[in-house]
Amino acid sequence: MMPRLIIIEGKAKGKTYDLTNGITFLGRSSKSDIRIKDSSVSRKHLKIFLIGKKIFLEDLKSTNGTFINSERIVPGEGFEIGARDLITIGNTVFQLEGLPGAGPLDRSTPPKDEKDGAEETPSPLPDERRKRTVRELKLINKVSMLLKQSFSLHGFSEKVLEYLLQGLPRIDTAAMVILDYKKNRNGKERTIIVKTRPWLKREDVDFFEAIVDLVLKQGGAVRMSNTAFEELGELKKKVEELKIASVLCVPVVSNSVIRGALYVDSIGDPYGFRKEDLLLLNSLSGSIAVAFEKAMK
């Protein structure tokens, strides 16, 4: 069954929407995939996206916020949604159905206070940050375990990028750049491996290479929380075409030599990455450097 959004409270109560695309935007704007005619909803309020068989939502720095089971979520971060979760934006409340392994929905209106004696829906959010930390630790462990397996450097890199996309829903594109010092001591010869969400078709890597060149030149990480405020020169048009809003790129260093770089970006709205994401990529770059070193022996 295709995932569906069901509005259970608000002006559009009773309406349902099939989530047919990889990304669905909700908001008051007529340009939204699902338009919510609610003055307390921002023009671009919320993003719903699928990763494999799981569904996530992200508040797009809305004015009045997004609530899951009456708990306000942190803007710019992806939160996994279950079939019985109640999502509130402004005066509109909805649930999702058709998720794998989910039973029938309880479409009752959520209580706004506890006076009516209604049973309160348990909130999974207090443990959400801990769950993300566990997920990130698992990601680092999975990459470390790859080093014990027999992979070509290209195959290893592809797996790492796949793990990143699976583990961090905020990432829309991940790329690995491998410098080939055997062919060219100046590092001009390079292999670029790119992985994106299924709904993205991104073949042009001009922007990736420009950011990577900056990282290689500086020898340090680049973090752009909001590309709209960055001095990008000729790349400005390219960024706008690709709708890239946030960027992280870290060098892969082995024995004081830069062997390549790891790049990720987020499309749509800015502030897609936290400082913790930069720390995560730096941690992963250590394992990646080991793989690069082994491949060059």
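Lys-195 is partly exposed, with a relative accessible area of 22%. In this predicted model, the side chain of Lys-195 meets that of Glu-162 in a salt bridge, with 3.6 Å from N to O. The two residues sit in distant parts of the chain, Glu-162 in helix α2 and Lys-195 in strand β13 (residues 190-196), 33 residues apart.

- Glu-162, the partner of Lys-195, counts as partly exposed at 27% relative accessibility.
- Leu-165 is found in helix α2, which spans residues 153-167.
- Is Leu-165 buried or exposed? Leu-165 is buried, because its relative accessible area is 8% and the cut-off for buried is under 20%.
- Leaving aside residues up to four places away in sequence, Leu-165 touches Ile-51, Ile-171, Asp-172, Thr-173, Lys-195, Thr-196 and Arg-197.

**Other salt bridges**

- The count of salt bridges comes to six, and the pair of Glu-162 and Lys-195 is one of them.
- Asp-213 and Arg-190 form another, their side chains meeting at 3.0 Å from N to O.
- Asp-213 lies in helix α3 (residues 206-218) and Arg-190 in strand β13, so this pair ties together parts that are 23 residues apart in sequence.
- Both ends of this pair are partly exposed: Asp-213 has 38% relative accessibility, and Arg-190 has a relative accessible area of 22%.
- Glu-58 forms a salt bridge with Lys-47, where the closest N and O atoms are 3.6 Å apart.
- Since Glu-58 lies in strand β6 (residues 54-59) and Lys-47 in strand β5, the pair ties together parts that are 11 residues apart in sequence.
- Glu-58 counts as buried at 4% relative accessibility, and Lys-47 is buried with a relative accessible area of 4%.

**Asp-38, a buried charge without a salt bridge**

- Asp-38 is found in the loop between β4 (34-35) and β5 (46-51).
- Which side chain of opposite charge is nearest to Asp-38? That side chain is Lys-11, 6.1 Å away, and Asp-38 is buried yet has no salt bridge; the cut-off for one is within 4 Å.
- The side chain of Asp-38 does reach the backbone nitrogen of Asn-91, at 2.9 Å.
- A polar contact of 3.1 Å also joins the side chains of Asp-38 and Thr-92.
- Not counting residues up to four places away in sequence, Asp-38 touches Arg-28, Ile-89, Gly-90, Asn-91 and Thr-92.

**The chain as a whole**

- The protein chain has five helices and 16 strands.
- Of its 297 residues, 48% count as buried.
- Among contacts with a separation of 6 or more, 54% come from residues 24 or more positions apart.
- The accessible surface comes to about 15300 Å², and 48% of it belongs to carbon and sulfur atoms.

**Confidence**

- The protein chain averages a pLDDT of 79, and 82% of the residues score at least 70.
- Confidence is highest in β4, at 93, and lowest in helix α1 (residues 128-146), at a mean of 71.
- Over residues 101-126 the pLDDT is below 50, and beyond near neighbours in sequence this stretch has 42 contacts in the model.
- Where pLDDT is low, the predicted coordinates should not be read in detail.

Definitions and conventions: Residues are numbered from 1 along each chain as its sequence is written. This is a predicted model: local features need pLDDT of at least 70, side-chain atom pairs count only at pLDDT 80 or more; totals for chains, interfaces and linings use all residues. Side-chain values use heavy atoms; hydrogens and water are left out. Helices (H or I, at least four residues) and strands (E, at least two) are DSSP runs, numbered from the N terminus. Buried means under 20% relative accessible area, exposed over 50%, partly exposed in between (1.4 Å probe, protein chains only). Lys and Arg count as positive and Asp and Glu as negative; His and the chain ends are not counted. A polar contact is a pair of N or O atoms within 3.5 Å; within protein, one must be able to donate a hydrogen and the other to accept it, and residues adjacent in sequence count only if both atoms are side-chain atoms. Contact means heavy atoms within 4.5 Å. pLDDT is the predictor's confidence in each residue, from 0 to 100. Accessible areas come from the Shrake-Rupley method with a 1.4 Å probe; for residues, only the protein chains shown count as cover.
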